Amino acid sequence: PTQVLTVRRHAPTPHIVEAKPSSVMVSQSSFTELQTSVASGLTAALPVPKRDALDPTDPEENEAGSRIENGLMAGYGQLFGYPNNVWPKLSDAGPVDGQAVWKTILDRHKFYLRRQPGESDEHLLNRVRVERRDAFPFISEHVDTTAYYPKARNARGRVVECFEVTERELGDVYEQFNTQVDLGWLNVSGHFGDTCHFTERWTEESFSYLVNDEIILSKRHPYKRVPYFDPEFSTTSMKDPRYQTTGLADNLVGLQNILESIELMDQAIEFWAAYPMFTLVQVGDEYMPIKGDMTFEAVPFGTVKAPPGYKWVPVQMPTLGDGLIHHRDFIMGLADDERLASILLGRIDHAQSGPTTSTQLDTAKARFAVWGKNMGGALNDHAAFMLYCVEKILRATVPTAYQVVEDENKQKHGQWSELRPKDIAGYYTVTHQIEPTTQLERNIRTQQASNLQAAGMVSKRYALEEAGIHNPDAMLREVDTED
């Protein structure tokens with residue numbers, strides 16, 4: 001059987017009771033390039049946040065910006081990394097589905113710790129710090145594009161109401177919500193494995209959970225926005241929501257059925273050529289007419305003797321035909337125009353120069369330019385949302401990761417990367433840089449930044465950031481200490 005890869009189109013915005021759009025099956029043997037589109041469109045490395053200081057000459061403001069950058073970067077490791085692997089799923093969904101969607105909400109963020117008998121203040125505060133460090137307050141999950149229905153947007157284009165419709169087992173829903181609401185009406189007993197339509201409805205003020213269109217839980221939330229982020233792969237000007245974005249496979253699926261039909265014919269011909277059927281053919285003029293049924297004795301790994309005056313002759317299958325072969329080549333030519341460039345698949349002519357390879361790579365990746373901009377904008381919006389939650393909702397320092405750093409005396413010690421409300425101070429603007437896919441791109445970017453810095457056109461801090469140093473201020477301090 002042919003192995004398949006599911007390619008999903010961007011879903012329209014129907015009423016929640018309408019059926020979800022059907023999937024399109026793309027043959028893995030025909031379009032293997034779709035599997036490698038992830039590495040070509042976005043690198044596997046997490047995005048790098050950058051927070052420009054309002055006053056670049058203020059050392060304290062630069063330090064606060066570096067702490068926020070480190071805190072966000074460490075937080076992304078928990079949000080988008082293992083075990084949920086949100087970032088790889090987003091990298092795959094964008095090129096293939098035409099859109100990537102994820103949701104970020106606050107997990108448990110209130111702690112009630114009682115002082116133990118005879119416990120000192122220092123020990124209690126230490127337990128509070130440990131509890132906070134073990135419970136990262138944010139949680140992110142990838143949302144299937146076909147399950148996401150943005151219902152309404154405001155004048156700025158931000159979603160103000162959306163639905164997420166999925167199929168879930170009744171037993172899972174019952175175990176998750178039975179302690180919060182009465183779900184006896186679901187009649188889970190005896191139907192634990194049955195499925196139901198589970199819907200999440202989010203607005204700027206509240207959220208609701210529905211089972212088979214019946215509300216089971218509805219609450220207000222403090223986010224003042226819908227916590228979904230939905231960058232499009234290739235934005236179009238079409239007014240129909242179904243065609244406002246296109247994926248890499250959209251132009252290929254129309255050619256798939258034709259190619260699969262021709263491929264099936266070719267496979268059938270090759271199969272019957274390798275395992276042909278046989279027929280009896282008369283030999284000469286002296287043969288006995290076959291009357292009625294004739295019984296042949298077949299012995300495993302043996303031969304079947306033909307009756308006197310006959311011989312076994314394999315049935316010759318017709319060839320595919322020059323016209324059909326020409327049609328197949330024509331369709332494959334159209335598909336080649338829509339596929340990824342060979343350089344994005346790792347097929348590089350090693351005889352060509354580095355600048356030529358770099359030019360080809362930049363030209364090939366231009367196909368992902370809109371996707372990179374849209375994903376960067378969504379990440380900027382996401383970072384602003386996280387900073388807002390830290391400053392206005394949590395109102396407390398959020399530890400993100402434990403790191404080993406060196407002080408001015410070259411002594412190593414542990415230090416937590418943190419998001420602090422006093423560092424944020426109402427300034428939520430953060431930009432993101434998508435890491436280069438190949439080492440060649442990294443080298444070119446680093447060399448360009450180094451040349452600009454040597455010419456006095458950019459700062460050392462900017463050059464270090466372009467070189468991939470996520471904490472340029474700490475690196476500059478280390479360099480000064482060595483000098």
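Where does Asn-212 lie? Asn-212 is found in the loop between strand S9 (206-211) and strand S10 (214-220), where helices (H or I, at least four residues) and strands (E, at least two) are DSSP runs, numbered from the N terminus. What we are looking at is a predicted model, in which local features need pLDDT of at least 70 and side-chain atom pairs count only at pLDDT 80 or more, while totals for chains, interfaces and linings use all residues. Residues are numbered from 1 along each chain as its sequence is written, and side-chain values use heavy atoms, with hydrogens and water left out.

Let me stay with the backbone for a moment. Asn-212 has a phi near 50°, a positive value in a residue other than glycine, and at 41% relative accessibility Asn-212 counts as partly exposed, a class that sits between buried, under 20% relative accessible area, and exposed, over 50% (1.4 Å probe, protein chains only). Arg-395 is not a glycine either, yet its phi is positive, at about 55°; this residue lies in the loop between H9 and strand S14 (398-406), and it is exposed, with a relative accessible area of 65%.

Three strands form an open sheet in the order S5-S4-S11, with antiparallel pairing, and two strands are said to pair if DSSP finds at least two bridges between them. Strand S5 (138-143) and strand S11 (228-229) stand at the edges with a single partner strand each, so one side of each has no neighbour in the sheet. Between strand S4 (residues 101-106) and S5 there are six bridges, and Val-101 stands opposite Val-143 in S5. Helix H9 (residues 369-394) packs on this sheet and touches S4, S5 and S11, contact being heavy atoms within 4.5 Å. The direction of H9 makes about 10° with that of S4, where axes are lines fitted to C-alpha atoms, for helices over the stretch in contact, and angles run from 0 to 180 degrees between N-to-C directions.

Finally, consider Met-317, whose place is in the loop between strand S13 (310-314) and helix H7 (322-338). With 32% relative accessibility, Met-317 counts as partly exposed.
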